[in-house]
Each structure stands twice: as C-alpha cells, then as structure tokens.
Amino acid sequence: MKNIVIILILVCLNIFIGINFMSELNSFISNKSSFEKLNDNYNEALYLSKKYPMIEREYMEIKNEKQYLDYRIPAVEELTIYLDKIEKYAEKSSIKIKDIKSRVIQKDDKKIQVIENKLIGQSSYKNIFELLKVLENNIQLTSITNLNIENKGKNSSTPILNFEIVFNTYFNKIGSRRF
C-alpha cells in the first residue's frame, strides 16, 4: 500500500510538474515571439534612423529647387511688373519702345502658363544686343523665339534700326510663390 501511495504521489507530482512545465513553455514561446517582434521593430527603427539624414537632405534639395523654380516662374499677375522693368531698362538704354503685345499661348498645363510677348522698337545694334542679353540673363525664365532687325536706310556711323523681338515668359497660374 505504501508503494501505491508513493506511486500515486509521484503520478500527481508528475501531472502537476507537466502542467506547470507546459504553461511555462507556452509563456516562453509567447515571450520569444514578442521579443522577435520587438527586435524586428528595433532593427527597422535603426535602419530608418540611419536613412533619415539622407531623406532629410533629399527633401531640402527638392525644397530648394522648388523655391528656385517658383522664383524663376512667378505668378501671372507679375507679368506687368516684368514688362515695366523691360521698358525702364529700354528707356535708360536709349531704346525706343513702340509697342509691347502679350498673349497667352499655352493654357493646357494646370500650373504653368506660357505668355508670348512681342516687343517692337528702335535703337542701335549695340543697344538691341544688350537688350537681348538682359532678356536672356534675367531671373525671369524667358526664351527668345524670333528676332527681326531692319535698317530703314539711314546712313550714319550708328544707324537706328527697327526691331521686333518675340519671346516667351513662363508664369505660375496659382499665384505668387516668391519667398
């Protein structure tokens, strides 16, 4: 009988240890899975923290480029300011402006509007050449598309020439973006 009691105690003890062991094993497996997820999150955070300076640098480059383009392509409302500057330069440089005409030639793009400008006037070759350099080197994005120069028969050391300059300017439709 003593043996039966000992065997019964051993069986009960074995069952108790087995249940406890299974519970501990399940807890360990669950903790291991949580630890692996934590480790994965840590590794991802570490990767992103190393990548952050590169992303920040790329963002700043894009932002600077956008600011530059916004400055080069001002709002449509600024066309009159731009043309006034050209007229003031012409007046200061002994260039007689007879007429300036502007018309929209591209409306398709949602953000950029192309405006064709025709500048008609009179001056010396040197002054016309300087005006062309001013148009080409201006901060406002400009492309000269046509140039006509005619001498109306006045023979002198510096003949007065009639000219017609056709150039395109590019503007934001959305409003001024200048900083």
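Student: How many helices and strands make up the secondary structure of the chain?

Tutor: The model is predicted: local features need pLDDT of at least 70, side-chain atom pairs count only at pLDDT 80 or more, and totals for chains, interfaces and linings use all residues. Residues are numbered from 1 along each chain as its sequence is written, and side-chain values use heavy atoms, with hydrogens and water left out. Helices (H or I, at least four residues) and strands (E, at least two) are DSSP runs, numbered from the N terminus. The secondary structure of the chain comes to three helices and four strands.

Student: What percentage of the residues count as buried?

Tutor: Buried means under 20% relative accessible area, exposed means over 50%, and partly exposed is in between (1.4 Å probe, protein chains only). Of the 179 residues of the chain, the share that counts as buried is 23%.

Student: Among contacts between residues at least 6 apart in sequence, what percentage join residues at least 24 apart?

Tutor: A contact means heavy atoms within 4.5 Å. Among contacts in the chain between residues at least 6 apart in sequence, the share joining residues at least 24 apart is 69%.

Student: Is Thr169 buried or exposed?

Tutor: Thr169 sits in strand S4 (residues 161-172). Its relative accessible area is 0%, so Thr169 is buried.

Student: Which side chain makes a polar contact with the side chain of Thr169?

Tutor: Leaving aside neighbours within four places in sequence, the residues in contact with Thr169 include Leu79, Tyr82, Gln113, Asn117 and Gln140. A polar contact is a pair of N or O atoms within 3.5 Å; within protein, one must be able to donate a hydrogen and the other to accept it, and residues adjacent in sequence count only if both atoms are side-chain atoms. At 3.1 Å, the polar contact joins the side chain of Thr169 to that of Asn117.

Student: How are the axes of H2 and H3 oriented to each other, roughly parallel or roughly antiparallel?

Tutor: The axes of helix H2 (residues 79-92) and H3 come within 11 Å and cross at roughly 155°; axes are lines fitted to C-alpha atoms, for helices over the stretch in contact, and angles run from 0 to 180 degrees between N-to-C directions. The contact is made by Tyr82, Ile86 and Tyr89 of H2 and by Glu130, Leu131, Val134 and Leu135 of H3. Angles under 35 degrees count as roughly parallel, over 145 as roughly antiparallel, 65 to 115 as roughly perpendicular and the rest as oblique. The two helices are therefore roughly antiparallel.

Student: Is the aromatic pair Tyr125 and Phe129 stacked or edge-to-face?

Tutor: Rings of Phe, Tyr and Trp (its six-membered ring) pair if their centres lie within 6.5 Å, and planes under 30 degrees apart count as stacked, over 60 as edge-to-face and the rest as tilted. By this rule the count comes to one aromatic pair. The ring centres of Tyr125 and Phe129 are 6.4 Å apart and their planes lie at 20°, so the pair is stacked.

Student: Why are Tyr125 and Phe129 separated by about one helical turn?

Tutor: Tyr125 counts as exposed at 55% relative accessibility, and Phe129 counts as partly exposed at 41%. Both belong to helix H3 (residues 125-137), and they are about one helical turn apart because their separation there is four residues.

Student: Which residues does Glu136 touch, not counting those up to four places away in sequence?

Tutor: Glu136 lies in helix H3 and is partly exposed, with a relative accessible area of 42%. Its C-alpha atom is 9.6 Å from that of Phe167, 31 residues apart along the chain. Not counting residues up to four places away, Glu136 touches Thr142, Ser143 and Ile144.

Student: What is the phi of Ser94?

Tutor: Ser94 lies in the loop between H2 and S1 and counts as exposed at 58% relative accessibility. Most residues other than glycine have a negative phi. Although Ser94 is not a glycine, its phi is positive, at about 60°.

Student: How far apart in space are Lys111 and Phe171, C-alpha to C-alpha?

Tutor: Lys111 is in the loop between strand S1 (96-106) and strand S2 (112-123), and its relative accessible area of 53% makes it exposed. Lys111 and Phe171 are 60 residues apart in sequence, and their C-alpha separation is 8.2 Å.
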